[in-house]
Amino acid sequence: MKKRVAILISGRGSNMTALIEAAEAKDYPAEIALVVSNRPDAAGLDRARSSGIPTAVVDHTLFGGDREAFERALDQELCQRRIDLVCLAGFMRLLTPWFVNRWSGRMLNIHPSLLPQFKGLHTHRRALEAGAKRHGATVHFVVPEMDAGPIVAQDSVAVHADDTEETLAARVLELEHHIYPRALRAVALERDSETWKAVSREDHAPPKS
Ligand code: GRF
């Protein structure tokens with residue numbers, strides 16, 4: 001049986017789109033059963049609707065700073081749709097340990113760096129400033145600590161001498177669109193963590209060309 005997946009977004013949703021497109025394949029082990037945004041104006045919502053995917057908005061501004069109340073409302077949406085796995089894709093809210101522990105082992109995030117390097121924001125700028133030779137993206141299980149948790153997939157690109165934050169971000173984003181569907185496939189198939197490590201190592205191999 002296909003795993004029922006919810007994607008949580010806050011913005012444009014290009015990773016969400018990559019997951020939706022991957023899940024259209026008959027043999028993909030997951031179906032996108034719900035897209036939730038904390039922002040009513042997130043562009044990704046229209047994209048999800050145009051694919052006929054149920055959407056929900058849980059607007060964090062309506063909870064007066066009560067993060068757990070916001071998360072209980074979010075959790076309710078997920079439970080109503082009998083969600084098995086959650087994918088964070090540009091979801092710009094920090095989650096409390098309550099929510100993270102509730103979805104422990106069932107929630108993935110994509111981060112635009114080669115974790116554990118460059119946790120947090122502005123990863124491309126910081127990679128350039130640090131003179132990194134390679135930069136990339138990571139899909140990992142979500143744990144209470146931000147941008148930590150077991151890595152499911154990781155891939156990298158070379159940093160070019162003339163890269164700007166924008167050109168580097170664009171190249172990494174393209175990578176993200178490949179590794180997130182691959183990581184979700186691995187998790188939906190309930191492969192064990194040894195296999196995830198192998199997926200990660202394979203992604204670290206130098207490009208074949
Ligand atoms: C991506 O770079 C992702 O790695 C980060 O937020 C960005 C979201 O982009 N967590 P999009 O909304 O998926 O286009």
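Please keep in mind that the model is predicted. The chain is assigned two domains, domain 1 (1-103) and domain 2 (112-209), and a sheet of 7 strands is open, with mixed pairing.

- Strand E3 (55-57) and strand E7 (151-158) are the edge strands, each with pairing on one side only.
- On average, neighbouring strands of this sheet are turned by 20 degrees against each other, direction ignored.
- For a parallel pair, look at strand E1 (residues 3-9) and strand E2 (residues 30-37), which are linked over 7 bridges.
- Within that pair, Arg4 has Glu31 in E2 as its bridge partner.

**Helices on the sheet**

- Helix H1 (residues 14-23) packs on the sheet and touches E1, E2, strand E4 (85-88) and strand E5 (107-111).
- The direction of H1 makes about 155 degrees with that of E2.
- Helix H3 (residues 67-80) also packs on the sheet, where it touches E1, E2, E3 and E4.
- For H3, the angle between its direction and that of E2 is about 150 degrees.

**Two domains**

- The C-alpha centres of domain 1 and domain 2 are 21 Å apart.
- Their contact takes 20 residues from domain 1 and 16 residues from domain 2.

**The largest pocket**

- A total of 38 residues line the largest pocket, and Gly90, Phe91, Met92, Ile110 and Pro112 lie nearest its centre.
- The elements giving two or more residues to this lining are H1, E5, helix H5 (123-129) and helix H6 (165-188).
- H6 supplies the largest share of the lining, with 6 residues.
- Sorted by class, the lining has 18 nonpolar, 13 polar and 7 charged residues.

- As a reminder, most peptide bonds are trans, and most residues other than glycine have a negative phi.
- Leu115 and Pro116 are joined by a cis peptide bond, with omega at about 10 degrees.
- Pro116 sits in the loop between E5 and H5.
- His122 is not a glycine, yet has a positive phi of about 55 degrees.
- The loop between E5 and H5 is also where you will find His122.

Methods. Residues are numbered from 1 along each chain as its sequence is written. This is a predicted model: local features need pLDDT of at least 70, side-chain atom pairs count only at pLDDT 80 or more; totals for chains, interfaces and linings use all residues. Side-chain values use heavy atoms; hydrogens and water are left out. Two strands pair if DSSP finds at least two bridges between them. Helices (H or I, at least four residues) and strands (E, at least two) are DSSP runs, numbered from the N terminus. Axes are lines fitted to C-alpha atoms, for helices over the stretch in contact, and angles run from 0 to 180 degrees between N-to-C directions. Contact means heavy atoms within 4.5 Å. On a 1 Å grid over the protein atoms alone, a cavity is a set of points where a 1.4 Å probe fits but cannot get out, and a pocket is an open set with protein on both sides within 12 Å along at least five of seven lines; lining residues have an atom within 4 Å of a point. Ala, Val, Leu, Ile, Met, Phe, Trp, Tyr, Cys and Pro count as nonpolar, Asp, Glu, Lys and Arg as charged, and the others, Gly among them, as polar. Domain bounds come from an automatic or database domain assignment.
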